[in-house]
Amino acid sequence: MLRYILRRLVILLLSLFIAAVVLFVLLRLLPGDPANALVGVGATPEQIAAAQAQLGSDQPLGVQFLSYLGDLARFDLGNSFVSRSSVLDEISRRLSVTLPLTLAAFVLALVIAIPLGILAAVKADRWYGLLLSVVSQVGIAVPVFWLGILLVYEFSLNLRLLPSGGFPLRGYADPGRAIESMVLPVLTIAIVMSASLMRYVRAATLEVLGSDFLRTARALGESHTGALMRHGLRNAAVPVVSVLGIELSTTFLGAVVVEQVFSLPGMGSMLLLGIQQRDYPNIQGVLIVSTLLVLLTGFLADILQRVLDPRLRKEAR
Amino acid sequence: MLSRTDMSFGAPLARGRAALATLTAVSALALSSAAAMAQDYDPQAVVNIGSLYEPQNLDNTQGAGQGINEAFNGNVYEGLFVLTDDGDVEPKLVDSYEISDDGLTYTFTLKDGVTFHSGEKMTSADVKSSIERVTAENSASSRKKTLTVIDSIETPDDKTVVVTLSAPSISLPYNLSYVWIVNDDAGDISASEDGTGPYTLQEWRRGSALAMVPFEDYWGEEPTNGGVMFQYFTDATAQNNALLTGAVDIITSVQSPDALSMFTDNPDFTVSEGASTTKELMAYNDRVAPFDNAQVRAALSRAVDKEKLLQAIWGDYGTLIGSFVPPTDPWYVDLNDVNAYDPESTKEMLAEAGYPDGFSFTLDTPDYDPHPVVAQFLQNELAKVDVDVKINIITANEWYTKIYKAHDFDATLQEHVNHRDIVFYGNPDFYWGYDNPEVTRLISESESAHSMEEQTEMLTEANKIIAEDAASMWLYLYPQIVVSTSNVSGYPLNGLNSQFFAYDIQKAD
Amino acid sequence: MSAESTELPPRRRRGNATFWLGLILVGVIVLAGIVSFFWTPYALSDMAGGRLEAPSAAHWAGTDRLGRDLFTQLMIGARIALIVGCGAVAIGAVIGVATGILAAFATRFLDDALAAFFDILIAFPTLLIAMLVVAAREEASLGTAILALGIGLSPIVGRITRILTKQVLGQDYITAARVSGTSWGAIVYWHILPNIVPFLGVNLALQFGLAVMAEASLSYLGLGAPPPNASWGRMLQEAQGTVYTAPWGAVLPGLALFALVIGINLLADGLRDRFDPARRDG
């Protein structure tokens, strides 16, 4: 197991390196010279040249790439073209919104999806089992921003229970309002996410219910539920865990949209603004940090999966 | 939103003339007793202002966008002069000033007892360094060009600033109203401030809000509220919702008439219409064929039913102006009849100009509302006269580089927010490349005019020529609408050049 | 045991019911999309209607701000949604399944490399980046958007395929098949594909929904296919500001999107219930 973790760690680092390369290439494919963005309107060619020198974009690509890797290794993400402030500082401020948002939504989605998904599979023949799968279908088909707007309409405009958007100026120093302003965004993501998770859980459980070993166990006299609990869940969990990492990363796209709907100062709105303004250091910083986070999640999910599925463990030696 | 970042390149000044004052009126829309009537207010109350224009940084010479003018002009920083909400240019940090007979030397005497938020006294050295901040090599200020007329700045003593010009400039005080007086020891002000205004910056949380509190040692009258918080939204619907739920007290500009219906029939809100200077236009690249031909431009202008467009975008709001000059500029004349809607004549004119079968062009369209909708309308209207429009959606940033700087386009859509910006047509190097020597002469001579009347006469003449030439296709004038809860009053209605003075706002309990 | 057996027939019927419901929903939208090639109530650019008219006999779904017929736009939107969904899923599935199976069979090094590559590509907000590149191109078209979405989906499909395939490969009967001399190609065809298809099918249906939805989200953010493409996402974005005065403009494209995604998922569910061998003999 330890060997596996070490190997997986090496892969993680390699992945990060490849991600850095992919990013470097991608951002240079984008049209427009970042130096133009830096100096703004009415700049003279000399000013643009000076900006290029400052950014190093007049250097050969190889040199640019090495200094880029050096900066990354020191975790120096540079300064924004537009705001002139440190990208890393800005990201850490923004993460304090996006990370709780994503994690809370993720946990809430799991809490909703796992029991309901199993129930929907076990009781697939009953009306409520059917109802549950219908509900999960509905959940998947609702666009995130549509759901967000709907929740705002009901809980903010009609019932006046929760704020319609924004984040308190003092952040978590104002805990009541900070939490209040997170409720609807978290709900929005969690509902959409739990719907698709529920389908995975249901499908995986159904698979296990139909499998030979469960039938064997039941033939040996174990009760239906007992057999499922003892042998089934563990098996059902394997494919579900494998999609968790993916789900978490799609949550990020969801967060971009949700932060837009609720005017939240998170990573998503930072990325979107960066794209609109061609603020390359900001785009690059957000992508690097979010890639890092998702790769870490994938790493943890793989190890968890290994723990859950002894067959894979054996094969890995 | 680039033109919104203030592109007024030397709008001439009409000092002392109350150009806008008479036209500024609380519109008939205001249902409740216009909030101006509110008697009691809470001097400690914090006013929450909803805005769509978050500044990118806090330094107006570093491409911070129009949001910084909204938040900081007159509130945190002050200039030697101020452009009031009524359109007057009045002395602010200047006590008095003299102009030499040749109009080339301005001697400013500064106000006494003005201190910066850091506690330092304001001196002539601060004024000199502040002007030089704007004209500096690395300044990205769009005001830079207007101040190149300044030859030298002397500071004979702490109270006196002598500015020498290379040519007379009737707009100098107007242009100086954009120059923040910043403490010369302040250093980098992209994330902090040191101004002389009635408010000091309390905190700025990027992507969310910016808070200001009254400055205790302010030299002038203290604000009638206990502070201001600008809350920033990325989307107009979210902003409207915040007003509806009481999270903000005022929204600085309304983007669509459809949102207004929620406020107009509700006694809890005041809807006010100010004087607008925001013009929607299709700018041709007048350098390139076929748009180098005035007849082609005039023909296209006749093919578009602007009334229908205005109705589609703004319902019953907004005005048609027929040129680039809004009714609030002294040189306004009604030019709606010049090249008015007459699609029949378009085809003949195009045939005469050598395009009997029409032509096709690409319309570079900024990706934010209302431009994509306007582009589709134009595409449809022009298709009827065999002119094929290809819509190319671009971001604000691409607009900057591709159109504003590289002049690489056929035609584009843009909104221009500033008042008195007809002067752009006098600059052949401006992005739309309109080059009529007569207009250039009129506009540049109006700058050295000796009187208001003379200046107005020349610019009226220029305005008429530009309209005859159909230099661009002027589509409509936006309405300027401010909505607030009915317990708030005293806010500016016109928001000229994106300013939003907060110190007179009163909030009742 | 016997108690459960008696419950089987009704479950079948319900499975059939979801299948038919899905078929009807998808069928209606497919039909609308096909018909839109030959006939729509109005021309897409016809602005003869009034501003934000409510649904009526003349305009079945009302009109937009420019007076264009919304029903026409909905029909053309159906066409675009189907093209986007099918195109993206086809590209994603071909690339994803091929690389996923390859990874599962490959040597440890190649397997690790591919697995890591899937992870990286998934970790990227690939869709956003791809669309950014598409949007930045001079000639942004639906085709490049579909390609971008398809490539964006492929690592997700690949990752799942790899894991599912590995699970199947770990089963004893594969070893038995190998011992009895079955070729790898035959194993893929006879054992792996049938075993991964039920789970993968559900996933592909989800991906279809995801692709259509991603297009809508990107349009909402202003990064979608340019006008005059009347995609449902674009319609939603344009109707956003008028949602209180003319709600049908936002509700109808939303409902259409909803019906398509739900329909395709029901269809997938129904198919799985019909063909899943484990459940058939249950």
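Analyst: Happy to! The crossing of H7(A) and H8(A) is right-handed. Please keep in mind that this is a predicted model.

User: Why is H7(A) called oblique to H8(A)?

Analyst: The axes of H7 (residues 144-158) and H8 (residues 175-209) of chain A cross at roughly 135 degrees and come within 9 Å. Roughly antiparallel needs an angle over 145, and roughly perpendicular covers 65 to 115, with the rest counted as oblique. Therefore H7(A) is oblique to H8(A).

User: Which residues of H7(A) and H8(A) meet?

Analyst: From H7(A) come A:Val144, A:Leu147, A:Gly148, A:Leu151, A:Val152 and A:Phe155, and they meet A:Leu184, A:Leu187, A:Thr188, A:Ile191 and A:Val192 of H8(A). Sorted by class, this contact has 9 nonpolar residues, 2 polar and no charged ones.

User: What makes S15 and S17 of chain B edge strands?

Analyst: The order in this open sheet of 5 strands is S15-S14-S16-S13-S17 (chain B), with mixed pairing. S15 (388-394) and S17 (473-477) each have a single partner strand, so one side of each lacks a neighbour in the sheet. From one strand to the next, the twist averages 25 degrees.

User: How do you know that S14(B) and S16(B) pair?

Analyst: Pairing takes at least two bridges. S14 (residues 360-366) and S16 (residues 411-416) of chain B are joined by 2 bridges and run parallel, so they count as paired. B:Asp364 stands opposite B:Thr412 in S16(B).

User: Where does helix H10 of chain B pack?

Analyst: H10 (residues 396-405) packs on the sheet, touching S14, S15 and S16 of chain B, and its direction makes about 130 degrees with that of S14(B).

Note on methods
Residues are numbered from 1 along each chain as its sequence is written. Chains are lettered from A and ligands numbered from 1 in the order in which they are written. This is a predicted model: local features need pLDDT of at least 70, side-chain atom pairs count only at pLDDT 80 or more; totals for chains, interfaces and linings use all residues. Axes are lines fitted to C-alpha atoms, for helices over the stretch in contact, and angles run from 0 to 180 degrees between N-to-C directions. Helices (H or I, at least four residues) and strands (E, at least two) are DSSP runs, numbered from the N terminus. Angles under 35 degrees count as roughly parallel, over 145 as roughly antiparallel, 65 to 115 as roughly perpendicular and the rest as oblique. A crossing is left-handed if the near helix is turned anticlockwise from the far one by less than a right angle, and right-handed if clockwise. Two residues are in contact if their C-beta atoms, placed from the backbone, lie within 7 Å. Ala, Val, Leu, Ile, Met, Phe, Trp, Tyr, Cys and Pro count as nonpolar, Asp, Glu, Lys and Arg as charged, and the others, Gly among them, as polar.
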